[in-house]
Amino acid sequence: NFRNESRVLKQQFVESRKNLIKNEVEKAIDYIEYSRSLTEIRLKNDIRSRVNEAHAIATNLYNEHRVEKSDAEIIKIITDALRPVRFNLERGYYFAADFNGVVQLQAAVPGMEGKNIMETRDVEGRSVVRDMIRLVREKHQGFYRYNWPKPDAPDKEFPKIAFVRHFE
């Protein structure tokens, strides 16, 4: 009887510990998911804020130079002002394309500037630039998720989130 009771008590103890550990792991997972959701909210707010700042800078530069300079000169002034700016622990940067898909600014890879990337697709088949242009035309601004290479890893695509805004 003692051995049977001992075995049963041991099994009950092990099961209770398993349940306790399972509950603690589930709490940890819930906390991680909650923290991740807050991180994305903060990231989106930061990206939107940074794009709005860039828009304000571009608007100010345009208004300041629109009388005496050509559109091409103003675009250069604006892109030169925004190109060196980094945010989000140096991982965020500005990019801009016109409605034809021609890159006007690509701070991370300046060699892309002047190239038409309208037909560029990500690994999931999304027409990234075309989709962003559609979003801007329809809503004037908004978030867009896609996959894109990082400047230091051009052969691999990573999940990205952008906030795009129309600059007339």
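Which residue just after α3 takes a positive phi? Select H140, where phi is about 70 degrees, and keep in mind that helices (H or I, at least four residues) and strands (E, at least two) are DSSP runs numbered from the N terminus. This is a predicted model, in which local features need pLDDT of at least 70 and side-chain atom pairs count only at pLDDT 80 or more, while totals for chains, interfaces and linings use all residues. Residues are numbered from 1 along each chain as its sequence is written, and side-chain values use heavy atoms, with hydrogens and water left out.

Next, select α3 itself, residues 128-139. Its 12 residues should span 16 Å at 1.5 Å a residue, and the end C-alpha atoms are 16 Å apart, which agrees; the expected span is 1.5 Å times one less than the number of residues. Within α3, colour V128, V129, D131, M132, I133, L135 and V136, which are buried, meaning under 20% relative accessible area with a 1.4 Å probe and protein chains only (exposed is over 50%, partly exposed in between). Among the elements that cover these residues are β1 (95-97), β3 and β4.

Leaving aside neighbours within four places in sequence, D131 is in contact (heavy atoms within 4.5 Å) with R126 and Y144.

Now show the largest nonpolar core, a set of 15 residues; such a core consists of buried Ala, Val, Leu, Ile, Met, Phe, Trp, Tyr and Cys residues joined through side-chain atoms within 4.5 Å. The members that touch the most others are I117, V128, M132, Y144, Y146, W148 and V164. At least two residues each come from α3, β3 (141-150) and β4 (153-165), and α3 gives the largest share, six residues. Centre on W148, which, with neighbours within four places in sequence left aside, is in contact with M112, I117, T120, V128, K156, E157, F158 and K160. Another core, of nine residues, lies apart from the largest one and includes A58, L61, I78 and L105.

Finally, select α1 (residues 2-65) and α2 (residues 71-82), which pack at an angle of about 145 degrees with their axes 10 Å apart. The axes are lines fitted to C-alpha atoms over the stretch in contact, and angles run from 0 to 180 degrees between N-to-C directions. To display the contact, pick A54, I57, A58, L61, Y62 and H65 in α1 together with D71, I74, I77, I78, A81 and L82 in α2.
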